[in-house]
There are 2 protein chains.
Amino acid sequence: MSTFAETEPGDARIVLAHGGGGAMMGRLIDDYIVAALDNATLRELADGAVLKNESSRIVMTTDSFVVVPLEFPGGDIGRLAVCGTVNDLAVMGGRPIGLSLGLIIEEGFPLARLRRILDSIAAAAREVPVDVVTGDTKVIEHGLGEGLLINTAGVASLDENVHTGFDGIAPGDAILVNGTIGDHGMAVMSVRNGLEFETPIVSDAAPLAGMIQSLLRAGIGVRFMRDATRGGVAGVLADISERTGLSIEIHEDKLPCRPATRAAAEMLGFDLLSVANEGKVVIVVDPADADRALAMLREHKYGIEASMIGKVTAGDPPLVELVTENGGRRIVQRPYGEELPRIC
Amino acid sequence: MSTFAETEPGDARIVLAHGGGGAMMGRLIDDYIVAALDNATLRELADGAVLKNESSRIVMTTDSFVVVPLEFPGGDIGRLAVCGTVNDLAVMGGRPIGLSLGLIIEEGFPLARLRRILDSIAAAAREVPVDVVTGDTKVIEHGLGEGLLINTAGVASLDENVHTGFDGIAPGDAILVNGTIGDHGMAVMSVRNGLEFETPIVSDAAPLAGMIQSLLRAGIGVRFMRDATRGGVAGVLADISERTGLSIEIHEDKLPCRPATRAAAEMLGFDLLSVANEGKVVIVVDPADADRALAMLREHKYGIEASMIGKVTAGDPPLVELVTENGGRRIVQRPYGEELPRIC
């Protein structure tokens, strides 16, 4: 995987001086961080990165990542950090122009593992594509679980003609999801619980900026988008209902999910609607554009299993309702929040 | 200090569900974070913040803060986070337009203390002025020392006529510092070591964007600026010498420092030149503008004790030299890095 792993002495580890602002930190930054993420802006190693921007509006976002384990089927904390931040920019309608990378590393962390995660960050950033343009590194003595926390912030340009938000949502609007739900959360929880399935559960961590920009560029009437991370699809739908005062009806038979993911959720007692995704976006669109949007999503590698899962209704009081496979109805609650610690 | 502290049940504490993306997290964000940092952009609670920007160049930066203790004379981790990030933007010549706030909190952290630190963040941001426009909150089980880490990223507009950087530095340029050195590092280390002085050592944590922008607007020939945080003034001078291939001569009798800070440094075995500051900037200016720049700095509350500490020379090989008070010369080394763990 890593192009550099071979050159690593197996026992080289992070020490406190790697975070002290002196010569040791300089070498860590040059030999590991800049080596992996190399680009002209980062190479300047200035106090900040200068970015060109042609738009009169920019989008800014941030996310911290505390996932345990650091590496899991389908990704690692590095891929998660890039995807999470890029997706937050993308659902705001932005075109990512720069990411920052804040590393908080525990003393004793293996440098070979750090290099592997930095390579993963670089690969995910290339896929977007966006550069990691600035960063910060701190070393602390102990206590981070598996030894690494990452914060990423991101900046995007926002075109003049993009206007999405809760206030554009109206009864009748269609609700789309770009694929199977719950895979990230159940991939991490399966590893943590030592569950094994015939088909392994693989995180869906993916950068969605390209797919989302293609919808916007095609003039699809996108009302609102949100990536369904912590709190899952249920959390996003609860937000929509609460902020608009409208109801939502979704159909169980339209919710894409993998059998192994569903099996793991049932075994561990989770509702897949509340489980975190890292490559799934809930898209509310003008019903006239719903079929075209769905077709466009399905042409993209991260939208092959896209589905129209339901619609916005005028129902009062505002509720999110699931129509089950056998025609029953149940209310989808906002997740309370303690289901899945350190999932991202 | 806190306007809300009275309403806090004394024993209310962070629990894992505060970071889970559900109803508990919603209440934490509304009642604590948005309540303290209130502004129209943050209140949207979207995946990212939309910022207006009239410049074709923006500056982006990030910093994580792991200081122990969280509160110390002259500041706390919150004030540090705002000042550190704003100062990185300011030394790049930027006018801050938005900050992000990533909180990583340990389960059990007292909510009253969180509110106090959020109020401190709000006060520092008002002073700049800049808004905290977006954020992220994670809760982990244990192990953060005092229970809170903060990451801030920042975005600034960069005017067309601002061009600073290593490549503008030339022999003869004057080197200024805006006041006493080493106060932040020694304030934190004194608390950690239980040292007490008649005059307490107070951190210099301060946002310098206003002071720096006034120099730039007045057309001072600023070649280069860097805030002297980890690695201190010695670290900045080493960077300048290394990146330009030029030498630097500074004069011990021109280095402003407080007697108590100097006493603490001597007692604990630190060289003040290598000790972290959080409100000090090293400014390299056209020698023709040096007196005017110094006068302007001294008019600002964070530059009253500004001093011209030395100059850039053509000396070969490139070295940083200190002319001592009794006329001797010693080479100032780049700090190695392990002197002061968790100082910022």
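These notebook entries record what I looked up in a predicted model with chains A and B.

**Entry 1: the sheet**

I began with the strands. I found an open sheet of five strands, and I wrote down their order as β6(A)-β5(A)-β7(A)-β2(A)-β1(B). The pairing in this sheet is mixed. I then asked which strands stand at the edges. They are β6 (132–140) of chain A and β1 (49–52) of chain B; each has a single partner strand, so one side of each is left without a neighbour in the sheet. I also noted the twist, which averages 20° from one strand to the next.

For background, I reminded myself that strands of a sheet pair through backbone hydrogen bonds, either parallel or antiparallel.

**Entry 2: two pairings in the sheet**

I looked up β5 of chain A, which covers residues 94–106. Eight bridges join β5(A) to β6(A), and the two run parallel. As an example of a bridge, I located A:Ser100, whose partner in β6(A) is A:Thr134.

Next I turned to the place where β2(A) meets β1(B). How do these two strands run, parallel or antiparallel? They run antiparallel, and four bridges join them. Here I found A:Ile58 opposite B:Leu51 of β1(B).

**Entry 3: a helix across the strands**

I followed helix α3 of chain A, residues 77–91. This helix lies across three strands of chain A, namely β2 (57–65), β5 and β7 (148–158). Relative to β2(A), helix α3 runs at about 150°.

**Entry 4: where the chains touch**

I then examined the contact between the chains. In chain A, 73 residues are in contact with 73 residues of chain B. Together the chains bury about 5,700 Å² between them, and 58% of this area is on carbon and sulfur atoms. I asked which three residues supply more than any other three to the area that chain A buries against chain B. They are A:Asp47, A:Met60 and A:Arg230, which supply 15% of that area.

**Entry 5: charged and polar pairs**

I recorded eight salt bridges between chain A and chain B. One of them links B:Asp47 with A:Arg226, where the closest N and O atoms are 3.0 Å apart.

Several elements of chain A give two or more residues to the side that touches chain B, among them α1 (23–37), α3 and β9 (222–227). Strands β1, β2, β5, β6 and β7 of chain A also belong to this list. Lastly, I sorted the residues on this side of chain A by kind: 33 are nonpolar, 23 polar and 17 charged.

Methods: Residues are numbered from 1 along each chain as its sequence is written. Chains are lettered from A and ligands numbered from 1 in the order in which they are written. This is a predicted model: local features need pLDDT of at least 70, side-chain atom pairs count only at pLDDT 80 or more; totals for chains, interfaces and linings use all residues. Side-chain values use heavy atoms; hydrogens and water are left out. Two strands pair if DSSP finds at least two bridges between them. Axes are lines fitted to C-alpha atoms, for helices over the stretch in contact, and angles run from 0 to 180 degrees between N-to-C directions. Contact means heavy atoms within 4.5 Å. Buried area is the accessible area (1.4 Å probe) that two parts lose on being put together, summed over both. A salt bridge is a side-chain nitrogen of Lys or Arg within 4 Å of a carboxyl oxygen of Asp or Glu. Ala, Val, Leu, Ile, Met, Phe, Trp, Tyr, Cys and Pro count as nonpolar, Asp, Glu, Lys and Arg as charged, and the others, Gly among them, as polar.
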